[in-house]
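Below is a briefing on one structure, for use alongside its sequence and coordinates. It begins with a local contact and then turns to the sheet, the charged pairs and the backbone.

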Amino acid sequence: GSTIFGLPASVSLSSAVTPNSLTPCFGGSSLPLSLIAQQTTLTVPTTGASLGDRNVAVTGSTVNSGETCDDRVANAGLHIYDFNISLSPSSTTVLRGCSTSYTVNVNLVSGSTGIGLPNVSLAVADKPADASSTLVSTSVAIGSSTTLNVTAGATTLGSNPIKVTGTVTGGSRDGIASINIY
């Protein structure tokens with residue numbers, strides 16, 4: 001291998017995920033020294049993985065003339081989790097033009113505890129056409145809740161769905177309830 005001002009010309013990267021057999025891969029497995037101050041991407045496919053916390057260890061080895069000169073290890077936590085959205089009560093009955101409220105719960109299904117988990121962005125995805133709705137908070141932590149206020153319109157009668165969608169990077173979940181307007 002070549003050197004730049006007495007330093008190795010590249011750093012080889014390797015990684016391991018424990019306690020699972022997930023196989024991480026880098027955008028490139030060897031970085032030229034000129035790019036060391038920059039970033040590369042480590043992708044850990046999690047489809048089908050069991051839920052829970054993992055440790056990701058990345059080892060950077062400098063190589064000079066075919067010999068490993070120095071190893072540096074960085075560790076990071078990887079949280080594989082799932083959540084659901086539920087509305088309570090599951091059904092309400094209101095008179096035209098009147099209001100009702102639902103509690104929107106964002107629940108951790110299983111996996112990691114609340115450390116390092118993102119907030120969930122909430123939005124009303126479905127409601128009667130002439131109803132108005134307001135979420136008290138549109139971003140909530142997993143394991144918490146907010147309130148959805150709905151005011152029924154004057155023309156849409158009968159049983160109608162109310163749907164709230166919660167979104168995080170990589171996916172979304174829906175919570176569904178009904179509003180009966182008479």
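A polar atom in the side chain of N160 lies 2.9 Å from the backbone oxygen of G158; a polar contact here is a pair of N or O atoms within 3.5 Å, where within protein one atom must be able to donate a hydrogen and the other to accept it, and residues adjacent in sequence count only if both atoms are side-chain atoms. The model is a predicted one, in which local features need pLDDT of at least 70 and side-chain atom pairs count only at pLDDT 80 or more, while totals for chains, interfaces and linings use all residues. Residues are numbered from 1 along each chain as its sequence is written, and side-chain values use heavy atoms, with hydrogens and water left out.

**Polar side chains in the strands**

- N160 belongs to strand β16 (strands are DSSP runs of E, at least two residues, numbered from the N terminus).
- With a relative accessibility of 11%, N160 counts as buried (buried means under 20% relative accessible area, exposed over 50%, and partly exposed in between, with a 1.4 Å probe and protein chains only).
- S178 is part of strand β17 and counts as buried at 17% relative accessibility.
- The side chains of S178 and S91 are joined by a polar contact of 3.1 Å.
- S172 is also placed in strand β17, but this residue is partly exposed, its relative accessible area being 38%.
- Between S172 and N84 there are 8.8 Å in space, C-alpha to C-alpha, and 88 residues in sequence.

**The sheet**

- An open sheet is built from five strands in the order β10-β17-β16-β12-β14, with mixed pairing (two strands pair if DSSP finds at least two bridges between them).
- At its edges are β10 (91–94) and β14 (139–141), each of which pairs on one side only.
- From one strand to the next the twist averages 35 degrees (axes are lines fitted to C-alpha atoms, and angles run from 0 to 180 degrees between N-to-C directions).
- Strands of a sheet pair through backbone hydrogen bonds, either parallel or antiparallel.
- Strands β16 (residues 158–168) and β17 (residues 171–181) run antiparallel and are joined by 11 bridges.
- Five bridges pair strand β12 (residues 119–126) with β16 in the antiparallel sense.
- V124 has V164 as its bridge partner in β16.

**Charged groups and rings**

- There are two salt bridges in the structure (a salt bridge is a side-chain nitrogen of Lys or Arg within 4 Å of a carboxyl oxygen of Asp or Glu).
- One of them links D82 and R173, whose closest N and O atoms are 2.8 Å apart.
- Since D82 lies in strand β9 (residues 82–88) and R173 in strand β17, this pair ties together parts that are 91 residues apart in sequence.
- D82 counts as partly exposed because its relative accessibility is 23%, and R173 counts as partly exposed at 33%.
- Another salt bridge brings together the side chains of D174 and K163, at 4.0 Å from N to O.
- D174 is in strand β17 and K163 in strand β16, so the parts tied together by this pair are 11 residues apart in sequence.
- D174 has a relative accessibility of 41% and therefore counts as partly exposed; K163, with a relative accessible area of 25%, is partly exposed.
- R173 also has its charged end over the ring of F83, 5.9 Å from the ring centre (a charge sits over a ring if NZ of Lys or CZ of Arg is within 6 Å of the ring centre and within 35 degrees of the ring normal).
- The count of aromatic pairs is zero (rings of Phe, Tyr and Trp, its six-membered ring, pair if their centres lie within 6.5 Å; planes under 30 degrees apart count as stacked, over 60 as edge-to-face and the rest as tilted).

**Backbone geometry**

- Most residues other than glycine have a negative phi, and most peptide bonds are trans.
- G170 has a positive phi near 100 degrees in the hairpin of β16 and β17, where two residues sit between the strands.
- The peptide bond joining S88 and P89 is cis, with omega about 0 degrees.
- P89 itself is in the loop between β9 and β10.

Technical notes:
Helix = DSSP H or I, 4+ residues; strand = E, 2+ residues; numbered from the N terminus.
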